[in-house]
Amino acid sequence: MTIKRLQWAVASQIRNYSAPVDGSIPPAKRKYVPNSGTYPQGFQVSGTYVGVKASNTRFPDLALITSANPCSGAAVFTKNKFQAAPVTVSRETLQKRNGEGLHAIVINSGCANAVTGKGGLEDAISMGSAVDACFDPPPSPSGTLVMSTGVIGQRLPIAKILNRISTAYSTLSNTHSSWLATARAICTTDTFPKLLSTTFSLPSSPSTTYSLAGMTKGAGMIHPNMATLLGIMCMDAPIPAPILQSLLTHAVDRSFNAISIDGDMSTNDTVALLANGAAGGTAITSLTSPDAQKMQEVLTTFTQSLAQLVVRDGEGATKFVHVRVCNAASFPDAKAIASTIAQSNLVKTALYGKDANWGRILCAVGYTDAGAIVPQDVASIVPERTNVSFVPVDGSAELKLLVNGEPQAVDEERAKVILEAEDLEIRVDLGTGDEEASYWTCDFSHEYVTINADYRT
């Protein structure tokens, strides 16, 4: 593509970077909201208005996901030392049930129920108990996972939430509009609901079509190990909890734990996966089986797509950036270097300013704490082998910035046009091995500061 054609493509993009106060979806984000979907058998969902946050007067802020069939469950939680009450309660629920016999997930937005002491724990437990009471007979111990997102350090208006759970249960449905309303109910500063679905088959049951659906939220305080980020996925394949947990952990490490918006790790991160087996077929009982390998591929690709939606909705973001580190000595090295680049505020502000300041990228590579995993006699970073490029998304040739440690004469006009585009790949070739890792991030704008300066109000 010529520079003029690329300029035209860039100019045709319309961007809004923060959520309009009327709740409408910015024009540039509407393409990420699906008009239809294929949803797993046996699951029903709803999004209900409660008014958890005083400023919310009409949008759904209570999400409920249920399964008629008991589910296997798995989850990955934040590593923040100040873990929110729902994180503690949900982890204990999974442990008590050994990941089996789950029936529901309930989520509120508008208040994180984090750093709220004993009362916060009691509120989280009561949310799960209220959902359990909707089932006949109620599961014991609790079969409901609980999540919350929003402002930290404030108690939930728990009476308001509990009063609306019966309404949430009575309006459950498996329609696309219900799934979309549920995805909307978990949003905070998100500018659009993040919902995806797909279908797949497994080698042992080629005639059986399985469905996988997922929703996520997050626009700020996004940094591994996950952030103010919630993710919920449901599928109708038969997978026992231990296998499910392994599949999810692997997938999250390459998706939700490979994104960064602002470097802040929240108290509430949770990504959960339920599998109810409603579509039938042969259960996956071994991680080395062809079924497990195919399921891992499907799940990893799906979680990456979900996680990328979070980056595309980064608070104040104008760019979606794929940092790819290739030909590394090990996967941990590649991921550590990609993570460092993605977190660098100097890199992110340069991208916002459309400045091809590749020295900031190289600087981030150089101060990465890599090399702890590879053997002592294998170098993680060799300056004379290192290459850095901008890769346009239009398929045109990469713009080489550094080749084998030597700076290149950069075409500044082409660099500026590439950096005008919404999507960009930064490629770093280390030349020390054959491993690769990706990280997804965004730029850092004035609007990010504006959004977060008055978040509580």
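This is a predicted model: local features need pLDDT of at least 70, side-chain atom pairs count only at pLDDT 80 or more; totals for chains, interfaces and linings use all residues.

Reply: Residues are numbered from 1 along each chain as its sequence is written, and side-chain values use heavy atoms, with hydrogens and water left out.

Me: How many helices and strands does the protein have?
Reply: Helices (H or I, at least four residues) and strands (E, at least two) are DSSP runs, numbered from the N terminus. On that basis the secondary structure comes to 12 helices and 15 strands.

Me: What share of the residues in the protein is buried?
Reply: A residue is buried under 20% relative accessible area, exposed over 50% and partly exposed in between (1.4 Å probe, protein chains only). The protein has 457 residues, and the buried share is 54%.

Me: How are the helices α8 and α10 oriented to each other?
Reply: The axes of α8 (residues 331-343) and α10 (residues 358-367) come within 9 Å and cross at roughly 135 degrees. Axes are lines fitted to C-alpha atoms, for helices over the stretch in contact, and angles run from 0 to 180 degrees between N-to-C directions. Angles under 35 degrees count as roughly parallel, over 145 as roughly antiparallel, 65 to 115 as roughly perpendicular and the rest as oblique. The two helices, α8 and α10, are therefore oblique.

Me: Which residues of α10 make the contact with α8?
Reply: Contact means heavy atoms within 4.5 Å. From α8 come Ile337, Thr340 and Ile341, and the partners in α10 are Ile361, Ala364, Val365 and Tyr367.

Me: How are α2 and α3 oriented to each other?
Reply: The axes of α2 (residues 85-97) and α3 (residues 117-132) come within 8 Å and cross at roughly 55 degrees. That angle makes α2 and α3 oblique.

Me: Which residues of α3 does α2 meet?
Reply: The residues on the α2 side are Ala85, Pro86, Thr88 and Val89. In α3 they meet Gly120, Leu121, Ala124 and Ile125.

Me: Which strands do the buried residues of α5 pack against?
Reply: In α5 (residues 176-185), the buried residues are His176, Ser178, Trp179, Thr182, Ala183 and Ala185. They pack against β1 (43-48), β2 (62-77), β3 (102-111), β5 (194-202), β6 (205-217) and β7 (230-235).

Me: Is Phe256 buried or exposed?
Reply: Phe256 sits in the loop between α6 (241-253) and β8 (259-260). Its C-alpha atom is separated by 10.0 Å from that of Thr300, 44 residues apart along the chain. With a relative accessible area of 1%, Phe256 is buried.

Me: Where does the cis peptide bond from Asp136 lead?
Reply: Most peptide bonds are trans. The bond from Asp136 is cis, with omega near -5 degrees. The loop between α3 and β4 (144-151) holds the second residue of the pair, Pro137.

Me: Which residue does a cis peptide bond join to Ser140?
Reply: Omega of this bond is about 0 degrees.

Me: Is Asn98 buried or exposed?
Reply: Asn98 lies in the loop between α2 and β3. Its phi is near 55 degrees, a positive value in a residue other than glycine. At 63% relative accessibility, Asn98 counts as exposed.
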